[in-house]
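User: I would like to learn how to read the cores and the chain contact in a model. Can you take me through one?

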Amino acid sequence: MVNRVVVGAHYGLRDWLFQRVTAVVMAIGSVTLAAYLLWQSDMGYDRWTGLFSSQPVRAFALLFLISLFFHAWVGIRDIVMDYVKPAAVRLAIHIVVVLALMMYSIWSVQILWGM
Amino acid sequence: MLKKRPKHLALHLIKLPLPGFVSILHRVSGLALFLALPLLLLMLQYSLRSVETYTSLMGVLSHPFVKLVLLGLLWSFLHHFCAGIRYLAIDLHYIGNLAEARSSSKVVMVASLLLTVLIGVKLW
């Protein structure tokens, strides 16, 4: 009998692929932002908020953050699966991490559209 | 030849090879960045909300201790970034043999530290 655990790995390629796709999104995002900051020598409040007042920038910033949260979920889950053995503790950590990341997602929307 | 079983590994004598070292640092830096997420989001919020919050954030960020923490996070990000690019290269079979695995690990270590120093000096 295959013993599948709820806090196991789901035995699939999906998370592995998500980890890489989100990594590429974040890599493009951070290199673009770094290049922009390097190019804009005197960055102040007006320039900074001006950048984020553009809808495409906001949308990509949210895509970046959601990618970050997915990426963090897979990464933290991998770490927990390797070092935390008792299923109850593992499940508790998983729940805390998932809830935190969901709240970060809502918070991110508030930050980007509520400014 | 008779083998002695069970075999006990002398953990304090085993040296982690450089690719293994880069791997564990990839985990450590990723965990550090995850734990810092609420702080980083708060910083983004303060930087965007109003001129007052922006100015107070800049005040907090100029504190030497805060700068030191940010420098640690900057290294975490850069190491995680460089090591991540290396893993993508491994997935695409750009890095295949042991020699390449070792030399690329060296590049990751040096590049992430060098970039941390460069960006750190520019921001300080």
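Analyst: We take confidence, then cores, then the contact. This is a predicted model: local features need pLDDT of at least 70, side-chain atom pairs count only at pLDDT 80 or more, and totals for chains, interfaces and linings use all residues. Residues are numbered from 1 along each chain as its sequence is written, while chains are lettered from A and ligands numbered from 1 in the order in which they are written.

User: What pLDDT does chain B average?

Analyst: pLDDT is the predictor's confidence in each residue, from 0 to 100. Chain B averages 92, and 99% of its residues score at least 70. The model has ipTM 0.89 and pTM 0.89.

User: Which residues form the largest nonpolar core?

Analyst: In soluble globular proteins, nonpolar side chains tend to be buried together. A nonpolar core joins buried Ala, Val, Leu, Ile, Met, Phe, Trp, Tyr and Cys residues through C-beta atoms within 7 Å. Buried means 20 or more other C-beta atoms within 10 Å of the residue's own, placed from the backbone. Here the largest core has eight residues: Val22(B), Trp75(B), Phe77(B), Leu78(B), Phe81(B), Cys82(B), Ala83(B) and Val108(B). Helix H3 (residues 64–91) of chain B gives the largest share, six residues. Helices are DSSP runs (H or I, at least four residues), numbered from the N terminus. Another core, of seven residues, lies apart and includes Phe69(A) and Phe34(B).

User: How many residues does each chain bring to the contact?

Analyst: Two residues are in contact if their C-beta atoms, placed from the backbone, lie within 7 Å. Chain A brings 17 residues and chain B brings 17. On the chain B side, H1(B) gives the most, with 11 residues.

How values were computed
A residue is buried if 20 or more other C-beta atoms lie within 10 Å of its own, exposed if 12 or fewer, and partly exposed in between; C-beta atoms are placed from the backbone. Helices (H or I, at least four residues) and strands (E, at least two) are DSSP runs, numbered from the N terminus.
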